[in-house]
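Visitor: I'd like to learn how to read ring contacts and sheets in a model like this one. Could you walk me through it?

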Amino acid sequence: MRILFWIPFLILCFAFTNSHAQPKKYIIHTVAFYNFENLFDTIDDPETFDEEWTPTGLQRWSVDKYQKKLSNLARVLAEIGSSENTDAPTFIGGCEIENRNVLEDLVKQPQLIEKDYGIIHFDSPDKRGIDVALLYRKNKFKPTSSINIPLYIYKKEISRKEEIKINPQDITDDELQVSPKNYRVYTRDQLLVTGFLDGEEINIIVNHWPSRSGGEKKSSPFREAAGALNRKIIDSLQRINPKAKVITMGDLNDGPYNKSVKIALGAKAKKAEVKEFGIYNPFEEMAKNGMGTIAYRDAWDIFDQIMVSETLIQTDYSSFRYWKAGIYNKPFLIQNSGQYKGYPLRHSTTEIGFSDHFPVYIYLIKEKK
């Protein structure tokens, strides 16, 4: 009977304690990736195959069209991840970028100029002249080093037709370019940036892996090599610092379930499967649920992915950890009529769209002290 007498009193004390408990508050940063789809200026670069994106080229690319493209991209970049973090992304990885100049023009757009983005960019050996880059908020992230790491892959048996013509079965219009001298496949470097986010060291790798030119199966070894290089970079970082926090992101031209991601890189779909030094890929479950960042013949896939090291999925939020991921596919980014209704709203001869990819993002959070 004495126990029964005390139960109401204990319940009341517990309720009183909970009613006065302070909710935890967190610092939040958005990490985004976007394929800018042919962000070219109007100037012909004699060193690359950019003639299509000039005033006299196939696209009849003009200053007005270029400025509209910049404005469209800036709108997207300013808003990615805004549902849970109203501040613009701290990091934006990008690909299909012609040069540093177009990035300088992009970060000066009215939607972005006050965000004060820094630029990390290197020219890659890609024959179209398209590169990867990282934009970062200067007041939040302090880079300490950056390097572009080349991917050396070779194709021994090619024909002249394969060198100059885009395979019509490709999902993307990104052509594999092969050297007739040594058969090297010229593709994008992998960009590694290290620095401090609010005092914590973070490593970011930005990727744009080789395309499916020539067919998915035939070109798969090239992306598997890209995945292996990515794994090698991460291994190197972890040898230097076993607690290294690593984010790898990009347009991989493969889904989360393909060999390049699952085997060569070794990414896992579930946190429970990720062992020490492993990689977690939150976009695999999204792909299984039918979500996508790119569409082809009414089938969706997730080529654009952001993955994190095991150190970022631990449950101690006294330092930065991964929280959640998403695909930014707001209605204004979607084609609302015609043959490609429901697809990402890309550039056409009659309309300056956004991209043939939807951007992706993750959140990093840390408990406020």
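**Rings first, then the sheet**

Guide: Ring pairs tie Trp300, Tyr340, Tyr343 and Phe358 into a cluster. Rings of Phe, Tyr and Trp (its six-membered ring) pair if their centres lie within 6.5 Å; planes under 30 degrees apart are stacked, over 60 edge-to-face, the rest tilted. Keep in mind that this is a predicted model, where local features need pLDDT of at least 70, side-chain atom pairs count only at pLDDT 80 or more, and totals for chains, interfaces and linings use all residues. Residues are numbered from 1 along each chain as its sequence is written, and side-chain values use heavy atoms, leaving out hydrogens and water.

Visitor: How many aromatic pairs does the rule give?

Guide: The count comes to 14 aromatic pairs.

Visitor: Are Trp53 and Trp61 buried or exposed?

Guide: Both Trp53 and Trp61 are buried (under 20% relative accessible area; exposed is over 50%, partly exposed in between, with a 1.4 Å probe and protein chains only).

Visitor: And the sheet: what is the strand order?

Guide: Strands of a sheet pair through backbone hydrogen bonds, either parallel or antiparallel. Here six strands make an open sheet ordered E3-E4-E2-E1-E17-E16, with mixed pairing. Strands are DSSP runs (E, at least two residues; helices are H or I, at least four), numbered from the N terminus, and two strands pair if DSSP finds at least two bridges between them.

Visitor: Which strands stand at the edges?

Guide: Strand E3 (117-121) and E16 do; each has a single partner strand, so one side of each lacks a neighbour in the sheet.
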